[in-house]
Amino acid sequence: MKIKSQLSNIISDALKSANIESDDVVISDATKPEFGDYQFNGVMKLAKVLKQNPREIATNLVEHIDTTGMIAKVEVAGPGFINIWLSDEWLAKEATAILNDDRVGVGYVENPQKVVVDYSGPNMAKQMHVGHLRSTIIGDTLATLLEFLGNDVIRQNHIGDWGTQFGMLIAYLEEQGADGATTELKDLEQFYKDAKVRFDESPEFADKAREYVVKIQSGDEHCLNLWQSFIDASLGHCEEVYDKLGVNLTRDDVRAESFYNPKLADVIKTLKEKNLSTVSDGAECVFLDGSEVPVIVQKGDGGYLYATTDLAALEYRAKELKADRICYVVDARQGQHFKQVFTIAKQAGMVGENVALEHIGFGTMMDKGGKPFKTRDGGVIKLIDLLDEAVVKAKESIKERDAHSEDELENIATVVGIGAVKYADLSISRESNYIFSWDKMLSFEGNTSLYMQYAYARIQSILRKYDGEIQGDIIIGDETEHRLAHLLLKFEDTLSKAATDATPHTITSYLYDLVTQFMKFYELNPILKGGIEEEVKMSRLQLAKLTASVIKKGLDILGIKVIDKI
RNA sequence: GCGUUCAUAGCUCAGCUGGAUAGAGCAUCGGUUUGCGGUACCGAAGGUCUCAGGUUCGAAUCCUGAUGGACGUACCA
């Protein structure tokens, strides 16, 4: 249900019939319940242009607003605000209409786009660490969300599988032999360290490593095979993490750095042809307007850099994949890099004028002291360890509850633990750094996944207890039901805002509002207690059921599971 | 040095395409129950939105400057 745009149409019509000229009508949420459900604040601006009294314009406008359908009443308030109340009957009718809709009333976007979402991007030389968490789950949510709204989404996992370090790694892999390597590769971090030690202590080995770098790049079969088996093993580690996280990334989504390698020479050629690059200190550079520091696209020794690869990737995505919008879910610290690369790509015509290029930046995960999140001895925390710990902690916190079998407990702990990690991350406005806290994450209180999952389980419990067919329409009986129904219908507006701004946290705060409102409703309006009219009971059951569906769908888009019993 | 970004309750965070008395959660204090899952619900208290100017009928939100922090800044990604 696109409530805001419908209201906007009604107001536009009213403006027309009142003969008032105006541009886009922007409807905002009411700032307070006393002010209704929505408000239109545009009259004050109009008053200035028309040089008229805003109150008069508002009063005049209000008389032309159609209040026979979705709007129950409108009021002029303050200097010229127009407050809008939705009609109970309309809410009831619309909410009833989506009761059996598996999209819970969410339609599709008017103009579907082809969207490339670039996320996760682990480095094959190392184990995934907490730094990859945000990119992976924010990106995955964005992809799922855009897809749900009807866009054609292409996921791209731009893995780091190319560069000098791989010479060392495969030389070491070869030295270890097949068996030793399989066992050692279980811990990539350790493997990397061991290889580095070997590299530093043995000049012969170091020479071989350097030689292997050249060999991979020139397509030597033996080295490429070694390299391929190393990448396969490393990617296997990532897939283990994706699996635990419930992230929808497969090998088909992988477009590695190596994939772009054959295209890099052409990138430089294009830049030269367009006279965008010049040689400075032996390196091929692009000097952008107003900057004295260049973007280097080719090193003095002929090697390419990450800007070059990103340009090749941009061109591929725009021209081969034919993307309308390309989203890079990458750490905010790389903002400058993307700004530069985007500018160059547009100037060089590698990407069409109307392709939207977006850097979906996010902040860093911090510990309690506000420092980057590390292990006690200052090392990087492996993502897989963090996830396993979340499950262990979740188990502790739910153990004292109702008796569960060991299997059930394990399953619940997994859903709860992983959900908590994801929700905690997604519920923070993505651009700010955030402080990681187990306690807050695994709390049942406040804006947490457990509060949502608990509410969901409670509703399931009610539905189980009723154990009959639920039928009949939703009727709005009081203020709490009005607000609940309104929130349920606002789901689509919420999702489209989240999709446009690429802000998963607008979904979490919506869900939190929804659940809070449900709790209020439920506290005040008994559902299964005696003495309640059948019609009312059915309506309340329907509201509860619909709330559960929206919670489930909302969490589903965030990649978080629900369970019927906690 | 230059650039980017941030500063909101004791703590963790919303709100930022300018709108009415700046909102949540935690913690603190108080209340609700013969309970449809009380890990719930209701309430109180808590603020010079870092500071100083400016634009405006109206600024946490936009602009300028200051202060403090984070990050980036020529051949890593």
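This is a predicted model: local features need pLDDT of at least 70, side-chain atom pairs count only at pLDDT 80 or more; totals for chains, interfaces and linings use all residues.
## Domains

Chain A is divided into two parts: domain 1 spans 3–86, and domain 2 spans 165–248. Their centres, taken over C-alpha atoms, are separated by 65 Å.

## Aspartate 161

Start with the loop that joins β6 (152–156) to α6 (165–184). Aspartate 161 sits there. This residue is buried, yet it has no salt bridge. Which side chain of opposite charge is nearest to aspartate 161? It is arginine 251, and it is 11 Å away. A salt bridge needs the charged atoms within 4 Å.

Aspartate 161 does have a polar partner. Its side chain makes a polar contact of 2.6 Å with the side chain of serine 258. Leaving aside residues up to four places away in sequence, aspartate 161 touches Met124, Phe166, Trp227, Ile231, Ala256, Glu257 and Ser258.

## Strand β10

Now look at strand β10, residues 325–331. Is this strand enclosed or open? 7 of its 7 residues are buried, so β10 is largely enclosed by the rest of the structure.

Strand β10 pairs with two strands named here. With β5 (residues 114–118), the pairing is parallel and runs over 4 bridges. One example joins valine 115 to its bridge partner in β10, arginine 325. With β11 (residues 356–362), β10 also pairs in the parallel sense, over 7 bridges. Here, valine 329 has isoleucine 360 of β11 as its bridge partner.

Methods: Residues are numbered from 1 along each chain as its sequence is written. Chains are lettered from A and ligands numbered from 1 in the order in which they are written. Side-chain values use heavy atoms; hydrogens and water are left out. Buried means under 20% relative accessible area, exposed over 50%, partly exposed in between (1.4 Å probe, protein chains only). Lys and Arg count as positive and Asp and Glu as negative; His and the chain ends are not counted. A polar contact is a pair of N or O atoms within 3.5 Å; within protein, one must be able to donate a hydrogen and the other to accept it, and residues adjacent in sequence count only if both atoms are side-chain atoms. Contact means heavy atoms within 4.5 Å. Domain bounds come from an automatic or database domain assignment. Two strands pair if DSSP finds at least two bridges between them.
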